[in-house]
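This report examines a protein chain through its salt bridges, its helix packing and a few of its loop residues. Please keep the sequence and the structure in view while reading.

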Amino acid sequence: GAMYVMVKIDLAAFDGITSDADFCHKLKWEESVEILPGECFSYPGTVRLVITPPHDVLRAASARIAAFCQRHRK
């Protein structure tokens, strides 16, 4: 099985990102990190992260997400 966490994202803090789905789509293509938009689960404005991969994989994905957020920050 897997475990998940829903993370709220402040769309107003990002330049050129219009929704949680847009955030996920751009993250996948720019950083090769796949997460799901909260709107798939009736939680718009959030993203769903899987938290069961090995620690080194989570660290690498976290660094890529941070780089993405930094690049798109207003």
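Does Lys26 count as buried, partly exposed or exposed, judged by its relative accessibility? Lys26 counts as partly exposed because its relative accessibility is 24%, where buried means under 20% relative accessible area, exposed means over 50%, and partly exposed lies in between (1.4 Å probe, protein chains only).

## Basis of the report

The model is predicted: local features need pLDDT of at least 70, side-chain atom pairs count only at pLDDT 80 or more, and totals for chains, interfaces and linings use all residues. Residues are numbered from 1 along each chain as its sequence is written, and side-chain values use heavy atoms, with hydrogens and water left out.

## Lys26 and its surroundings

Lys26 is placed in helix α1; helices (H or I, at least four residues) and strands (E, at least two) are DSSP runs, numbered from the N terminus. Its side chain forms a salt bridge with Asp22, the closest N and O atoms being 3.2 Å apart. A salt bridge here is a side-chain nitrogen of Lys or Arg within 4 Å of a carboxyl oxygen of Asp or Glu. Both Lys26 and Asp22 belong to α1 (residues 20-31), where they are four residues apart, about one turn of the helix. Asp22 is buried, because its relative accessible area is 15%.

Apart from neighbours within four places in sequence, Lys26 is in contact with Gly16, Ile17, Glu31 and Phe68, contact meaning heavy atoms within 4.5 Å. Lys26 and Gly16 are ten residues apart along the chain, and their C-alpha atoms are separated by 10.0 Å.

## Other salt bridges

The structure holds four salt bridges. One of them joins the side chains of Glu34 and Lys28, with an N to O distance of 3.9 Å. Glu34 is exposed, with a relative accessible area of 59%, whereas Lys28 counts as partly exposed at 36% relative accessibility.

Another salt bridge is formed by Glu30 with Arg71, the closest N and O atoms being 3.0 Å apart. This pair links distant parts of the chain, since Glu30 is in helix α1 and Arg71 is in helix α2 (residues 55-72), 41 residues apart. Glu30 is partly exposed, with a relative accessible area of 37%, and Arg71 is partly exposed as well, with a relative accessible area of 46%. Through salt bridges that share partners, Glu30, Glu31 and Arg71 are joined into one network.

The twelve residues of α1 should span 16 Å at 1.5 Å a residue, and the end C-alpha atoms are 16 Å apart, which agrees. The expected span of a helix is 1.5 Å times one less than its number of residues. The buried residues of α1 are Asp20, Asp22, Phe23, Cys24, Leu27 and Glu31. These buried residues pack against β2 (36-37), β3 (46-50) and α2.

Two packed helices are described by the angle between their axes and the distance between the axes. For α1 and α2, the angle is about 110 degrees and the axes are 10 Å apart. That makes α1 roughly perpendicular to α2, given that angles under 35 degrees count as roughly parallel, over 145 as roughly antiparallel, 65 to 115 as roughly perpendicular and the rest as oblique. Axes are lines fitted to C-alpha atoms, for helices over the stretch in contact, and angles run from 0 to 180 degrees between N-to-C directions. In this packing, Phe23, Lys26, Leu27, Glu30 and Glu31 of α1 meet Arg64, Ile65, Ala67, Phe68, Cys69, Arg71 and His72 of α2.

His72 has its place in α2 and counts as buried at 14% relative accessibility. Leaving aside neighbours within four places in sequence, His72 is in contact with Ala13, Phe14, Asp15, Ile17 and Glu30.

## Loop residues

Ser32 follows α1 and lies in the loop between α1 and β2. Although Ser32 is not a glycine, its phi is positive, about 55 degrees. Ser32 is exposed, with a relative accessible area of 58%.

In the loop between β2 and β3, Ser42 has a positive phi of about 65 degrees although it is not a glycine. Ser42 is exposed, with a relative accessible area of 63%. Pro53 is found in the loop between β3 and α2 and counts as partly exposed at 25% relative accessibility.
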